[in-house]
Amino acid sequence: MTYRSISLARAAMTPLLALAAAAACAATPTTYQCTYLTGTGQGDSQYPEGHAINDLGTVAGVARYNPGELEEVAKAMVWVVGEEPVELPMLNLPFHEVADVNNAGQVVGAEILRSYLEPTPMTWRNGQAEVLPIPPGSWAGAGRALAINDKGDIVGASGAFDWPYTRNMHATLWRKGKVFDLGTLGGHNGQVQRVSEALGINDAGIVVGWSDVKKSTRGGQHAVRWDNPWTIVDLGGLPTGGGSKATAINNQGTVVGSGTYEKDNGLIAAMAVAWDASGIHGLGMPKGHKASIALKLNDDEVIVGASELPDFESWRAMVWFGVSGAPRDLNNLVGSAGCKDGSGAGFVLERARDINRDGVILATGVSGDGARHATFKLVPQ
């Protein structure tokens, strides 16, 4: 059997094709029962979009009203097992972004304009909304909270988000009432035209995300790890060069994300990637697919994400059983019943967004006619 793992020491001399196409040593995949995440019952134009799931099965996300229209509203929501969905309070704006929920039920995200400009970083504790502070000296009073651990540490980014000032966004940590600018690969205080963003944090407080690199460095941005608020480590990317981004880290220290590379036709594509103590692993994608991304993983190293079909428009929800596991289409693991909403309509799973300790996967999908969206919990059987 052949592995797609490569050590950091010899990464530069390992061909990408061998990295992506090798067979995996995965166990027989689990099958899943698909459960529809019900909406709020407040109108036909509303649909639920789950973004994160904790170990208790609580889901955090948004309920979208008038999706795609100028008057679109996205309200922050939580779905607790056995209870009716709960709408979280707003502050000033009608559009919310919800990114994560921990085992205490604390939710993080942002309140933003419809145009995604100048977000306000927020957290909801015990149903109450709180605005998170911005680090002193930030270019602008904007930010996004993107992940939280079970100790209540929150990470994200803050600075100026609107064009042309997007190059002044820094990874940010909120811990015990204090806020830290995590800096970039250009230094702790960062520099103009240097950007970073924190996307994941484990219970040990280790943070992962990405940072701009020097202009002379190929790829533009690299996956990074902050071992504390002042120590940043460049995780690098695929051996052929290109950029990379880390999106999550588990309590064993395994990191997942994606790396970019140049294809034979000159186009830039992305591949799901994992980093662990043995090096970097290209997770690959199903034959014929054009790109893949890894979004989250649990402590058993079951990794979830998505893969892009040849039409460059459609995606399929994916799961990898370990860093050497083959990419599996979740649509093929839910049995003949498939995933259906409350009306019995069938859905295609497009993106696996999160996975909890028990292996329950949160995935979003689209109806066969493409007119409706829905969120499902996939419970291993």
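Leaving aside neighbours within four places in sequence, which residues is D100 in contact with? View 1 gives the answer, after two notes on the model.

This is a predicted model, in which local features need pLDDT of at least 70, side-chain atom pairs count only at pLDDT 80 or more, and totals for chains, interfaces and linings use all residues. Residues are numbered from 1 along each chain as its sequence is written, and side-chain values use heavy atoms, with hydrogens and water left out.

**View 1. D100 is buried and has no salt bridge.**
D100 sits in strand 7, residues 95-101. Strands (E, at least two residues) are DSSP runs, numbered from the N terminus. Buried means under 20% relative accessible area, exposed over 50%, and partly exposed in between (1.4 Å probe, protein chains only). The nearest side chain of opposite charge is K296, 4.5 Å away. Lys and Arg count as positive, Asp and Glu as negative; His and the chain ends are not counted. A salt bridge needs a side-chain nitrogen of Lys or Arg within 4 Å of a carboxyl oxygen of Asp or Glu. A polar atom of the D100 side chain lies 3.0 Å from the backbone nitrogen of I148. Beyond its neighbours within four places in sequence, D100 is in contact with A52, A60, Q106, V107, V108, L146, A147, I148 and D354. Contact means heavy atoms within 4.5 Å.

**View 2. E49 is buried in strand 3.**
Strand 3 spans residues 47-53. The relative accessible area of E49 is 12%, so the residue counts as buried. Its side chain makes a polar contact of 2.8 Å with the side chain of H51. A polar contact is a pair of N or O atoms within 3.5 Å; within protein, one must be able to donate a hydrogen and the other to accept it, and residues adjacent in sequence count only if both atoms are side-chain atoms. Neighbours within four places aside, E49 is in contact with residues including W79, R353 and T375.

Two strands pair if DSSP finds at least two bridges between them. Strand 24 (residues 302-308) and strand 25 (residues 315-321) are joined by 7 bridges. V302 has F321 as its bridge partner, and G305 stands opposite M318. These two strands form a hairpin with 6 residues between them, and F312 in the turn has a positive phi of about 60°. Strand 25 is joined to strand 26 by 2 bridges. There, V319 stands opposite R328. Their hairpin also has 6 residues between the strands, and G322 takes a positive phi near 95°. Strand 25 is largely enclosed by the rest of the structure because 6 of its 7 residues are buried.

**View 3. Y36 and F376 form a tilted aromatic pair.**
The ring centres are 5.9 Å apart, with 55° between the planes. Rings of Phe, Tyr and Trp (its six-membered ring) pair if their centres lie within 6.5 Å; planes under 30 degrees apart count as stacked, over 60 as edge-to-face and the rest as tilted. Y36 is in strand 2 (residues 32-36) and F376 in strand 30 (residues 373-380), 340 residues apart. Y36 is partly exposed at 27%. F376 is buried at 0%. Ring pairs link Y36, F347 and F376 into a cluster.

Conventions: Helices (H or I, at least four residues) and strands (E, at least two) are DSSP runs, numbered from the N terminus.
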